[in-house]
Amino acid sequence: MQNTAIKKKGFDFKSELKRFMKSDNISLIFALIVMITIFSLLNENYRTGRNLISVLTSASLTGLICVGEAMLLIGNHMDLSVGSSAAFSGVLAALLMQRGLPAGATILAVIAVGALTGCCIAFFVTKLKMSSFIATVAMQSIMRGFAFIISNGEGVLITNPTFLKIGSLKIFGLQFLTFPIFFMLLIFVLFGIILKRTRIGREIYIVGGNPTAARLAGISIKKTTYMLFINMNILASVGGMILAARMNTGQPQACVGLEFDGITAAILGGVSNQGGVGSIFGAFLGLAILQGFNNGLIMLNVQSFWQNVAKGALLLLALTFDYLRAKKRKA
Amino acid sequence: MQNTAIKKKGFDFKSELKRFMKSDNISLIFALIVMITIFSLLNENYRTGRNLISVLTSASLTGLICVGEAMLLIGNHMDLSVGSSAAFSGVLAALLMQRGLPAGATILAVIAVGALTGCCIAFFVTKLKMSSFIATVAMQSIMRGFAFIISNGEGVLITNPTFLKIGSLKIFGLQFLTFPIFFMLLIFVLFGIILKRTRIGREIYIVGGNPTAARLAGISIKKTTYMLFINMNILASVGGMILAARMNTGQPQACVGLEFDGITAAILGGVSNQGGVGSIFGAFLGLAILQGFNNGLIMLNVQSFWQNVAKGALLLLALTFDYLRAKKRKA
Amino acid sequence: MSEYLKFEKICMEFPGVKALDDMSFGVNKGEIVAFLGENGAGKSTLLKILNGDYHHTSGKVYIDGKEVEFHSPNEAIKAGISVIYQERQLAPYLSVAENIFMGNPPTKNGFIDFKELNKKAKEIIDEFGLPITPETPVKKISVAFQQMVEIMKAYNRKADIICFDEPTAPLTDSEIVILFQIINKLKAQGKAIIYVSHRMNEIFEITDRVVVFKDGKLMGVENTGDVTEAQLIKMMVGRDIGDVFNDLKRNDKIGDVVLEMKNVSNSSIKDISLQVKAGEIVGFSGLAGAGRTEVARAIFGADPITSGEITLKGKPYHPKSPRDAMDRGIALCPEDRKLEGLSLILTVRENSSLAILGNLCKAGFVNFKQERDFTSKAIKEFNIKTPTMEQKVNNLSGGNQQKIVLARWMAMNPQLIIFDEPTKGIDVGAKSEIYHMICEAARKGVAVIMISSELPEVIGISDRILVMKDGKIKADIPRKDATEQLILSYAMLDEKENEKEAAV
Amino acid sequence: AESSASAAPSESAAPSESASETAPKGDIVLAGIYKAGDQQWFIGEGEAAKAKALEMGAKDFMYIDAKMNPDTYLQALDNAITQGVSGILVCVPDQKLSAVTVQKCKEAGIPVIAADDQLLDESGKMIAPWVGIDGKAIGVAVGEWTANYVKENKMTGDDCGVLYLTMDQVSSCVPRTEGQVESWNKILPDWKKENTFKSDYNGEQDKAYNAAAGIFTANPKIKKWIVMTPNDEGAAGATRALEAAGLDKDSVVCGIGGYLAKLEFAKAEPSAFKATAFINYVDVGAYSAENMMKFLNDGVEIPMEFKTPAVMITKDNYKEIMKDQAE
Ligand SMILES: Nc1ncnc2c1ncn2[C@@H]1O[C@H](COP(=O)(O)OP(=O)(O)OP(=O)(O)O)[C@@H](O)[C@H]1O
Ligand SMILES: Nc1ncnc2c1ncn2[C@@H]1O[C@H](COP(=O)(O)OP(=O)(O)OP(=O)(O)O)[C@@H](O)[C@H]1O
Ligand SMILES: O[C@@H]1[C@@H](O)[C@@H](O)CO[C@H]1O
Ligand SMILES: [Mg+2]
Ligand SMILES: [Mg+2]
């Protein structure tokens with residue numbers, strides 16, 4: 001009796017492993033391991049806990065953006081305005097607190113503004129039938145403009161100690177688990193579950209895969225689109241505030257190109273920019289590879305000009321590798 | 001006899017006009033006229049020939065990119081690397097001439113490098129099945145890196161008088177028709193004809209609109225894709241050289257975001273980023289509106305923060321207007 | 001016997017599926033050969049191999065005695081092969097003419113000669129006798145005409161071997177008549193023709209020989225004249241299916257009115273008034289473009305209505321979206337599975353459970369076990385051929401894709417269900433099962449609207465048949481009076497009447 | 001620099017009488033074209049220039065942002081010329097654009113003054129009058145201050161490292177780092193090579209954070225860091241990275257600018273960001289406009305060179321030195 005039970009369990013484990021080995025993410029995991037190994041050989045400090053914290057911290061903002069963009073991409077959209085929005089949010093938060101608003105109210109207000117921004121974009125996309133590319137390019141310009149206007153182009157100091165905590169608070173008193181890291185990981189897990197396990201998550205895939213079919217199956221494309229953009233822009237707002245807290249200043253010129261880092265990580269992680277395909281876990285792996293690579297290059301003190309080349313080459317390499325593996329599996 | 005002939009001609013004209021009024025571009029033309037009128041009222045210098053030259057000159061590089069991107073978008077691709085490639089080309093040209101290569105040979109060599117870059121991208125896209133988004137994001141990073149590496153981060157002076165001519169030569173001795181302007185207009189006309197009237201042009205629409213249909217009709221998607229990327233990167237190379245000639249220097253940090261200006265103009269001009277739809281004339285109108293607007297804002301001395309907002313708002317407005325018109329026409 | 005086109009021991013394997021197994025037979029010039037077989041039997045796969053689209057695992061193809069191997073459709077086209085795929089393949093924003101001449105437009109001095117192009121296209125359109133103009137963008141014409149454009153495209157290539165993969169699925173009778181004239185003309189010109197269809201009457205009407213497939217294997221090649229329908233069906237299904245319509249267990253207890261439309265109009269339908277009762281099956285007939293689909297879409301909230309009233313069980317009903325309609329217990333199984341039904345890149349499981357996802361969820365979370373159970377039941381009930389429920393729908397045969405759409409909507413337990421061409425691409429065996437399911441639903445008191453362009457099917461299954469033309473309902477014919485002639489006369493008659501009126 | 005300045009006037013773009021003829025008094029419009037017009041620095045500079053110009057009788061002052069983009073810059077220049085402005089103040093996005101700038105202004109007969117960054121020819125000679133900051137000299141000031149701080153605080157052990165954050169991709173910032181390295185090495189000639197580090201960033205604070213944090217973790221044996229940066233963003237970013245690594249107490253960071261340093265200094269608690277080289281945009285803006293207006297109004301020749309001094313500021317003295325810019 002007992003014996004068979006164990007056997008069964010053993011078998012399950014094996015088949016799980018097999019499934020895992022065949023899963024879409026295995027080549028990314030492999031790439032990540034190879035990368036970590038190489039960098040660790042080249043610099044003994046690469047694999048230290050301290051460096052992990054430093055990588056995770058610098059990934060914390062991009063991570064939030066990556067989650068939002070991954071969901072958008074699966075729903076066949078993208079948001080090119082989030083870098084501006086994050087900067088705007090940081091500045092706005094700093095200004096509100098300068099005017100005496102308490103931290104809690106400030107955070108809520110900024111999140112509300114983020115949600116509103118998302119609403120606007122979704123309105124342009126659903127109601128006025130703009131492509132999300134162009135609608136968000138426009139929004140990018142507008143939000144950046146506002147970030148400069150409200151701050152008059154100057155960085156705004158943040159002194160509110162409660163607010164500054166969101167940049168440095170150690171969760172559960174753990175040294176490595178600062179709030180930015182914790183929040184990023186939380187968002188990955190949370191949205192991983194939402195996308196995979198919930199109805200709304202499934203609907204995003206359907207809408208991204210074939211919007212006409214989705215509509216005729218009773219899914220509201222409008223609702224899904226609003227949801228996606230609001231979600232993205234709230235994440236950008238929160239990310240912007242966390243960055244501002246980490247930097248002790250809201251800066252209008254921050255986060256240029258942030259959207260690209262997020263989108264690139266997601267696509268590297270197997271999310272398709274044609275909609276309907278991808279996972280949050282994949283996006284996380286993509287992010288880990290990119291951020292780990294950037295960090296490794298800095299540690300090895302590679303000249304910044306060459307860092308550009310190396311980053312591009314990494315992307316191409318990882319995707320080529322993925323292609324070859326997919327092809328091999330097919331054959 | 002003669003009477004009917006005239007009548008017929010008159011009728012044709014009328015129906016032509018009608019067709020024109022219904023055409024996709026009419027709302028853009030209208031927007032352009034409104035814009036020019038408003039700016040002219042606000043600043044008497046706006047409608048001068050001199051300002052036209054200045055607008056056209058500054059549109060000359062973006063124009064080339066816009067044509068290439070419009071074709072790519074119609075073929076359901078995009079190239080986010082062209083800003084880097086243009087900068088790289090300018091630097092490369094300057095360096096080659098510094099080493100004593102004559103202008104003609106330099107131009108040919110740089111064009112060849114551009115073609116090669118295009119080939120690489122097409123290879124990643126067709127053979128390794130990468131999305132053009134990610135392949136060109138990677139390429140963007142690589143080309144920028146190379147631009148910095150070969151120049152060691154510094155602008156490279158150009159003194160070759162023949163080469164400098166391509167920045168300033170007056171075509172047919174006409175004051176307003178400098179080579180950059182002439183070349184840009186030429187490219188618009190040329191590619192307008194190619195896209196509309198030639199077989200390869202029509203095939204781009206088919207490939208972008210339905211790649212499976214294209215393949216089954218014996219159209220080589222691979223060939224079309226190579227053609228599109230090579231074309232785009234040659235245009236970027238030439239554009240980069242013209243810019244370098246205009247500035248007397250090849251600059252590694254030039255042209256950041258150039259691809260977006262080109263893509264934005266094309267999309268504003270009715271080219272779809274879903275493939276299969278659009279025209280070069282439309283793209284030209286999109287470009288004219290954007291560049292004319294930028295120029296107008298500068299002339300009116302609008303604060304640069306507000307310029308950002310205004311530009312974003314213009315995009316949204318123009319597209320909303322277009323949507324409303326399309327809707328009205330449908331009803 | 002040396003046939004013009006010969007397949008020898010063709011095998012084709014996909015991961016988890018042996019689509020073709022040792023397939024050998026030939027096709028002569030001047031001959032029309034039918035492919036017959038259940039959904040997923042391998043018919044389309046063989047055509048795709050011939051077309052250089054798929055590469056067979058083993059075996060050989062000969063044309064005119066010479067072995068050939070095509071690596072791309074382009075090579076096949078050059079070798080004189082033209083295949084019309086089951087799924088339309090057009091460039092949506094280009095004109096009819098450009099689509100007809102896709103890949104080989106007439107040129108002059110290196111430029112496309114649009115005058116010549118439109119002229120030549122017009123000639124072909126006229127030859128087919130269709131009311132479309134060469135300059136119209138393909139996106140703007142109805143599905144039936146798009147299919148005809150697809151056929152004209154292949155016709156125009158002047159190939160020696162022409163293959164039609166279920167060309168009539170989106171067509172109505174009038175276009176089918178045209179199509180058959182064309183096919184016969186091609187036959188007379190000595191072309192070798194392959195014709196794939198699930199419609200037995202078509203096979204008997206037009207083909208010379210029949211090749212029967214089952215599970216990727218060849219079951220036999222027969223002269224069409226020498227076999228009966230029942231024999232063929234037995235060969236492909238492996239059992240008798242009897243008289244499809246007479247064996248149906250009909251519902252005789254028609255209940256209260258479920259749906260009532262009063263003078264409903266929008267941009268494509270005019271003044272529609274009708275009633276559908278619980279347990280009643282109402283057939284919709286008419287020619288392509290008659291507006292049947294649009295009526296269905298209006299009921300389902302997919303298109304807005306501009307005037308008129310709809311009531312559901314006596315209560316006012318103004319659906320603003322398909323969601324509204326579904327919440328009120330209405331289901332619509334759409335006409336075009338690829339555009340409106342399926343997300344091709346998602347799995348069988350994700351596609352099947354779509355309409356009832358809400359029921360499979362608890363607190364917003366999908367219950368995967370329930371979902372898998374539901375899907376395996378659907379796969380069994382509808383006999384969907386797929387290696388696993390995690391297969392991407394894209395990799396399924398056309399008929400099996402259609403079954404997924406049907407399974408999805410049948411599962412919803414609606415009070416009113418609308419089928420728009422439900423048996424499009426479905427094999428004979430499965431068809432009869434679907435008819436049984438529809439009748440079963442009616443017996444449970446579901447009101448059913450069934451739109452179909454197959455007259456025997458509408459007549460065979462409906463309690464009443466509404467005939468539509470030009471967006472209007474022209475007749476309401478009870479089952480006992482329905483004949484193909486009568487329906488057709490209503491579907492086309494008006495023009496004659498109008499002519500008469502004009503003459504007066 | 002002095003000698004080249006005196007040699008230059010003949011080639012300078014500042015023409016004599018002709019320009020003032022085309023721009024009659026009272027109708028003077030100045031244009032200020034700045035390479036990064038959305039940076040606080042240039043906004044302040046532009047505001048100061050505008051105030052001065054209007055005060056001296058100009059009708060208008062156009063502030064134009066070249067967005068670090070050479071093409072936008074050239075358009076802006078053409079545009080200003082088209083509008084017939086009377087004089088132009090420029091900070092070019094790249095100094096290699098000097099020749100074109102001077103040539104275009106010459107053709108149009110419009111006087112030009114270089115603001116912040118010089119207009120140089122290929123041999124590095126100034127080809128137009130200049131009011132601005134000397135990147136190298138400012139770097140030297142930072143290097144000196146920092147080296148002296150290190151000496152005073154005896155931060156010369158093996159657990160001390162110096163990190164130069166660099167902006168290799170911005171040509172005007174390269175000499176700042178060069179100046180820092182030069183003066184540091186002069187004062188501390190024995191500083192060990194293996195305790196010297198460089199890391200590049202793009203000018204943004206969070207990128208500076210990443211660039212610095214990577215170096216800090218890569219070298220755990222260094223417990224006291226001395227960081228020099230070419231702008232305030234870099235210094236603030238490095239400071240935050242030190243804090244995150246728990247190394248801020250014993251470290252020192254010195255930047256260039258003042259605009260973020262003042263925020264840092266305003267905090268109650270001390271931070272590692274101890275000093276910055278204050279460069280005064282108000283001076284640059286006001287002097288450039290004043291010289292131009294004097295020339296246009298009265299034909300007073302524009303002096304070839306005016307350098308704003310680099311003043312090191314700290315928490316103790318910044319309010320005094322920055323005056324209302326400290327707000
Ligand atoms: N690209 C593919 N990948 C995996 N399996 C495939 C692919 N194409 C077809 N198949 C499988 O091969 C089998 C034969 O499919 P095929 O399309 O030839 O059937 P068919 O006879 O045309 O059916 P139908 O009548 O439904 O059109 C099916 O089981 C199908 O799932
Ligand atoms: N996208 C479109 N744009 C413009 N007109 C269209 C479009 N689609 C369909 N139509 C027109 O709408 C009318 C109804 O078309 P449709 O073919 O859907 O009707 P139907 O009765 O369902 O026909 P079928 O027998 O093919 O199911 C036709 O006149 C058709 O030409
Ligand atoms: O770009 C810099 C700016 O950031 C400020 O530091 C002043 O000098 C300019 O050259
Ligand atoms: Mg098939
Ligand atoms: Mg229909």
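The following legends describe close-up views of a predicted model and its ligands.

Residues are numbered from 1 along each chain as its sequence is written, with chains lettered from A and ligands numbered from 1 in the order in which they are written. In this predicted model, local features need pLDDT of at least 70, side-chain atom pairs count only at pLDDT 80 or more, and totals for chains, interfaces and linings use all residues, while side-chain values use heavy atoms, with hydrogens and water left out.

View 1. Ligand 1 has 22 residues around it (a residue counts if one of its heavy atoms lies within 4 Å). Those that come nearest are Gly40(C), Ser44(C), Thr45(C), Ser397(C) and Gly399(C). Polar contacts are pairs of N or O atoms within 3.5 Å; within protein, one atom must be able to donate a hydrogen and the other to accept it, and residues adjacent in sequence count only if both atoms are side-chain atoms. The side chain of Thr45(C) places an N or O atom 2.5 Å from an oxygen atom of ligand 1. From the backbone, a polar atom of Asn395(C) is 3.0 Å from an oxygen atom of the ligand, and an N or O atom of Gly399(C) lies 2.7 Å from an oxygen atom of ligand 1. On its own, ligand 1 has 630 Å² of accessible area, of which the protein covers 94%; accessible areas come from the Shrake-Rupley method with a 1.4 Å probe, and for residues only the protein chains shown count as cover.

**View 2. Surroundings of ligand 2.** The shell of ligand 2 holds 13 residues, the closest being Gly289(C), Gly291(C), Arg292(C), Thr293(C) and Glu335(C). Polar side-chain atoms lie 2.4 Å from a ligand oxygen in the case of Thr293(C) and 3.1 Å in the case of Glu294(C). For Glu335(C), a side-chain N or O atom is 2.9 Å from an oxygen atom of ligand 2. The protein buries 67% of the 620 Å² that ligand 2 exposes when taken alone. This shell comprises three nonpolar, five polar and five charged residues, where Ala, Val, Leu, Ile, Met, Phe, Trp, Tyr, Cys and Pro count as nonpolar, Asp, Glu, Lys and Arg as charged, and the others, Gly among them, as polar. Domain 1 (3-237) and domain 2 (257-339 + 414-503) of chain C each supply at least three residues to the shell; the bounds come from an automatic or database domain assignment.

**View 3. Surroundings of ligand 3.** Lys35(D), Gln39(D), Trp41(D), Asp117(D), Ile133(D), Ser172(D) and Arg176(D) surround ligand 3. By class, the shell has two nonpolar, two polar and three charged residues. An oxygen atom of ligand 3 is 2.8 Å from a side-chain N or O atom of Arg176(D), whereas a polar side-chain atom of Lys35(D) lies 3.0 Å from a ligand oxygen. The corresponding separation for Ser172(D) is 3.4 Å. Ligand 3 exposes 270 Å² when taken alone, and the protein buries 96% of that.

View 4. The centres of domain 1 and domain 2 of chain C, taken over C-alpha atoms, are 31 Å apart. Their contact (heavy atoms within 4.5 Å) takes 23 residues from domain 1 and 19 residues from domain 2. Chain C and chain D are joined by no contact, and their closest C-alpha atoms lie 36 Å apart.
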